[in-house]
Amino acid sequence: MRQKLIEFRNVSFRYGEEEPWVLKNCSFHIFENEWVAIIGHNGSGKSTIAKLVNGLLFPQEGQIMINGRQVTEETIWDIRKDVGMVFQNPDNQFVGTTVQDDVAFGMENRGIAREEMIKRIDINLNAVGMQDYRMTEPHRLSGGQKQRVAIASVLAISPQVLILDEATAMLDPKGRMEIMNTVSNVQKEHQLSLITITHDLQEVVQAERVIVMNEGEIWDEATPREIFSKKTKLREIGLDVPFVAILVDELKQMGVPITNEALNQEELLEDLWTLHSST
């Protein structure tokens, strides 16, 4: 049975005493090796959750537990060893003059032995398909390549949790797909807990569980299939649903006897083929 790795206990947060609450009495948990997507309209509190998990912010009310330890100013440096974060703009995370130097930076700060650093650089650049670029200057890379290096740099410190905060937002559809395929493979191989904060619906359907935020509160949490079955209610809070889910509804209204709630093209094609084969 999987253990709880992250736990929010009645957490509330605001950016100033005169400011409105960005998070209001939020409670949820994330298990070891679980992929959770957090979605919501702009200003719903998604990115604030990411910063709280990483200790960039601290709650005014409630508790945050990471691996059994409460996040405080005293524990944060130890907790950050377990939490890695990749932001929307990878340029903000580059500090090295080459890809190799950048991946090494976090390990140097943690005093990891040189032999181990060399080993981890090889392993993690290979994991994200960037081993041939290790001596390249980061500014010469494409957007997708930069994100791959940012992910490798975080993985090199061996975190238990990887947070992607809109990490594919600046990429084209092909780049987003490549990055998410990389992340999916890395998550399984390294047995990480993965938190993706995103507006991309194709990323959301890959997750095990979805937490929906609305105006600073948890609106719902369930599997992607269960969440996207609530199409009308999602639209009421300003969220969209996958195109395939909309198409399934249209086909049902036309009398096509589809029983499953397909979330991607492959599932829909399989359902239609099954219907065709049975007639």
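Author: One term before we start. Helices here are DSSP runs of H or I with at least four residues, numbered from the N terminus. With that, K188 has its place in helix α6. Keep in mind that this is a predicted model.

Reader: Ok. Is K188 buried or exposed?
Author: K188 is exposed, at 59% relative accessible area. The cut-off matters here: exposed means over 50%.

Reader: How far is K188 from E226 in space?
Author: They are 23 Å apart, C-alpha to C-alpha. In sequence, 38 residues separate K188 and E226.

Reader: Back to α6. What unit does α6 make with β7 and β8?
Author: A right-handed β-α-β unit. The helix covers residues 173–190.

Reader: Tell me about β7. How many of its residues are buried?
Author: Five of the five. The strand spans residues 161–165, and it is largely enclosed by the rest of the structure because those residues are buried.

Reader: Which way do the residues of β7 point?
Author: V161, I163 and D165 point one way. L162 and L164 point the other way.

Reader: What does β7 pair with?
Author: Strand β6, residues 83–86, is joined to β7 by four bridges, and the two run parallel. β7 also pairs with strand β8, residues 193–197, in the parallel sense over five bridges.

Reader: Which residues are the bridge partners of I163?
Author: I163 is the bridge partner of M85. In β8, its partner is I195.

Reader: New topic. How many residues are in the largest nonpolar core?
Author: That core has 47 residues. V86, V103, L162, L164 and F228 have the most contacts inside it. Helix α5, residues 143–155, gives the largest share of this core, with six residues.

Reader: You listed F228. What does F228 touch?
Author: Leaving out residues up to four places away in sequence, F228 touches L201, V204, V205, L234, D240, V241, P242 and L263.

Reader: And N214, where is that?
Author: N214 sits in strand β9, residues 209–214. N214 is buried, with 15% relative accessible area. Beyond its neighbours within four places in sequence, N214 is in contact with H41, S44, W219 and I237.

Reader: Switching to charges. How many salt bridges does the structure hold?
Author: There are 17. One of them pairs the side chains of E116 and R120, at 2.9 Å, N to O.

Reader: How far apart are E116 and R120 along the helix?
Author: They are four residues apart in helix α4, residues 114–127, so about one helical turn separates them.

Reader: Are they buried or exposed?
Author: E116 is partly exposed at 30% relative accessibility. R120 is buried, at 18%.

Reader: Another pair, please. What does R140 bridge to?
Author: R140 forms a salt bridge with E137, and the closest N and O atoms are 3.3 Å apart. R140 is exposed at 61% relative accessibility, while E137 is partly exposed at 33%.

Reader: Which pair links distant parts of the chain?
Author: R225 and E267 form a salt bridge, with 2.9 Å between the closest N and O atoms. R225 is in helix α8, residues 224–228, and E267 is in helix α11, residues 265–278. They are 42 residues apart. R225 is partly exposed at 36%, and E267 is partly exposed at 25%.

Reader: Last one. What does UniProt place at residues 6–240?
Author: The unreviewed UniProt entry gives the feature "domain: ABC transporter" there. Over residues 6–240, the chain is 35% helix and 24% strand. The end C-alpha atoms of that stretch are 27 Å apart.

Methods: Residues numbered from 1 in each chain as written. Predicted model: local features only at pLDDT ≥ 70, side-chain atom pairs only at ≥ 80, totals over all residues. Heavy atoms only, no water. Buried < 20%, exposed > 50% of the residue type's maximum accessible area, 1.4 Å probe, protein only. Contact = heavy atoms within 4.5 Å. Core = buried A, V, L, I, M, F, W, Y, C linked by side-chain atoms within 4.5 Å. Pairing = 2+ DSSP bridges. Right-handed = clockwise from strand over helix to strand, strands pointing away. Salt bridge = Lys/Arg side-chain N within 4 Å of Asp/Glu carboxyl O. UniProt positions renumbered as here; feature names shortened; annotations may be inferred.
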